[in-house]
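We will go stop by stop.

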Amino acid sequence: MANAKAVIVPCVDPRFYHAHYAEGKRLSEEVFNGPVEAPASAGSVSSLLVGDDFARGLLANIGVVAVDLHHVTNLVVIEHEGCGYYEAQAENGDERFAVTPETEKDVHARNARAASKIVLEKFPTITNAIFRYARLDGTIEDL
Ligand SMILES: [Zn+2]
């Protein structure tokens, strides 16, 4: 099986599919100079802070496919504005996911880094993490 340079984890929100796809293509061509894979997961990697079914599925996918099968060494997290997973967790009383328009990007940055530590510690062959943030207008920026 072919190796891949990175596992890119965007959220499942269909409003961002085209932006996520374009970002994956850009990263593959301009940053990693090789193939990447992109299993979407609700809330991107942030579900790892909750430890729910999304988290278990994401960890299984990263472990079995990205690490064992494709030997990736890079993790790319793409969080996004207006995330329904964040809204649902906040409604369930998890303050780590509560956002306002003023704090939203910072909350995503904090959670993405905390959740990525879980991935990097569990899979030590992944040694690099990149953080991106998709806006509702389709643009993607550093997180
Ligand atoms: Zn989302």
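Which residues have the most contacts inside the largest nonpolar core? Select A6, V7, I8, V9, V45 and V76: these have the most contacts inside that core, which has 32 residues. A nonpolar core here is a set of buried Ala, Val, Leu, Ile, Met, Phe, Trp, Tyr and Cys residues joined through C-beta atoms within 7 Å. At least two residues of this core come from each of β1 (6-10), α1 (17-32), α2, β3 (74-80), α3 and α4 (104-122). In soluble globular proteins, nonpolar side chains tend to be buried together.

Two notes before we move on. This is a predicted model: local features need pLDDT of at least 70, side-chain atom pairs count only at pLDDT 80 or more, and totals for chains, interfaces and linings use all residues. Residues are numbered from 1 along each chain as its sequence is written.

**Stop 1: the whole chain**

Switch to a cartoon view. The chain has four helices and five strands. From the N terminus on, they run β-α-β-α-β-α-α-β-β. Both kinds of element are DSSP runs, numbered from the N terminus: helices are H or I with at least four residues, strands are E with at least two.

Buried residues make up 35% of the 143 residues. A residue is buried if 20 or more other C-beta atoms lie within 10 Å of its own, exposed if 12 or fewer, and partly exposed in between; C-beta atoms are placed from the backbone.

**Stop 2: the sheet**

Select the five strands. They form an open sheet with the order β2-β1-β3-β4-β5 and mixed pairing. β2 and β5 (140-142) stand at the edges, each with a single partner strand, so one side of each has no neighbour in the sheet. Two strands pair if DSSP finds at least two bridges between them. Strands of a sheet pair through backbone hydrogen bonds, either parallel or antiparallel.

**Stop 3: strand β1**

Zoom in on β1. Five of its five residues are buried. A6, I8 and P10 point one way, while V7 and V9 point the other way. β1 runs parallel to β3, joined by five bridges, and parallel to β2, joined by two bridges.

Pick A6. Its bridge partner in β3 is N74, and in β2 the partner of A6 is V36. Residues that A6 touches, beyond four places in sequence, include L27, F32 and V72. Two residues are in contact if their C-beta atoms, placed from the backbone, lie within 7 Å.

**Stop 4**

Select C11, in the loop between β1 and α1. C11 counts as buried because it has 26 C-beta neighbours inside 10 Å. Its contacts beyond four places in sequence include A42, S44 and Y85.

Follow that list to A42, in the loop between β2 (36-37) and α2 (53-69). A42 has 22 C-beta neighbours inside 10 Å, so A42 is buried too. Among its contacts beyond four places in sequence are V12, S47 and F54.

Next, S44. S44 lies in the loop between β2 and α2. Its phi is positive, about 55°, although S44 is not a glycine. Is S44 buried or exposed? S44 counts as buried, with 33 C-beta neighbours inside 10 Å.

Jump to N33, in the loop between α1 and β2. N33 is not a glycine, yet has a positive phi of about 50°. N33 is exposed, with 9 other C-beta atoms within 10 Å.

**Stop 4: helix α3**

Last, select residues 84-91. In this helix, α3, the residues Y85, Y86 and Q89 are buried. They cover an arc of only 100° around the axis, which puts them on the same side of α3. The arc is that of the directions from the helix axis to the C-beta atoms. After α3 comes G93, with a positive phi near 95°.
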